[in-house]
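Welcome! Have a look at the structure first, then read on.

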Amino acid sequence: EIEGHLTRSVVLVGMMGSGKTAVGTALSKMLDSAFLDSDHEIERAAQMTVAEIFARDGEPFFRARESEVLERLLMGPPGVISTGGGAFLSEKNRELINRLGVSVWLKADLEILWNRVRHKNTRPLLRTADPKQTLSDLLAARLPHYQKAQIVVEAEPGLSVQGMARKVVAH
Ligand code: S3P
């Protein structure tokens, strides 16, 4: 389904730390297509960071903006779209993504995810007393939704960003 010339957007979904932004950037270069990042688009429109939006306006407000941005990006020219980790949880977003684009779940286990997010403080959902436990709980709750992606690409220890992007193209 994913070839040299994109006819539909490739939409990367999965947990925080699964590599959506990094793999998406590499993939867009391989496919010579545009790279779009939903968190970045939300931040640009709001002139605030994701953390600031959560703090000031709350998560439901963020989710509403996220759905709007996804719809706008999916209606535009095909490209590689990276989403925030929560974007594929809503039925409405999933339906939109799977209808207008092709969803790719970047699957990774807790240890890989934790090692990638542990040194960053940019994710409001992980500002808890025990962020690794929070990440583990989120992963468990979200797996059934991510499993609804059309393509699954699994991270392996030692596999580079380029390697992950090549795995996506190979589908
Ligand atoms: C979120 C993930 C974040 C961002 C927001 C909420 C989530 O994106 O959208 O902090 O619910 O998992 P990344 O997956 O790019 O970290």
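In this predicted model, helix α6 passes helix α7 in a right-handed crossing.

**Helices α6 and α7**
- On the α6 side, the contact is made by L110, E111, L113, W114 and V117, while α7 brings P131, K132, L135, S136 and L139.
- Sorted by type, the residues of this contact between α6 and α7 are seven nonpolar, one polar and two charged.
- α6 covers residues 110-117 and α7 covers residues 131-146; they pack at an angle of about 135°, and their axes are 10 Å apart.
- The two helices α6 and α7 are therefore oblique to each other.

**Helices α3 and α4**
- Helix α3 (residues 50-57) packs with helix α4 (residues 59-75) at an angle of about 130°, with 7 Å between their axes.
- This makes α3 and α4 oblique to each other as well.
- From α3, V50, I53, F54 and D57 meet E59, F61, F62 and R63 of α4.
- That contact of α3 with α4 divides into five nonpolar, no polar and three charged residues.

**The sheet**
- Five strands form an open sheet in the order β2-β3-β1-β4-β5, with parallel pairing.
- At the edges lie β2 (35-37) and β5 (151-154), each pairing on one side only.
- On average, neighbouring strands of the sheet are turned by 25° against each other, direction ignored.
- Strand β4 (residues 101-107) pairs with β5 in the parallel sense over four bridges, and K107 stands opposite E154 in β5.
- Helix α2 (residues 38-46) packs on the sheet, where α2 touches β2 and β3 (80-82), and its direction makes about 65° with that of β2.

Key. Residues numbered from 1 in each chain as written. Predicted model: local features only at pLDDT ≥ 70, side-chain atom pairs only at ≥ 80, totals over all residues. Heavy atoms only, no water. Axes fitted to C-alpha atoms, helices over the stretch in contact; angles between N-to-C directions. Parallel < 35°, antiparallel > 145°, perpendicular 65-115°, else oblique. Left-handed = near helix turned anticlockwise from the far one by under 90°. Contact = heavy atoms within 4.5 Å. Nonpolar A, V, L, I, M, F, W, Y, C, P; charged D, E, K, R; others polar. Pairing = 2+ DSSP bridges.
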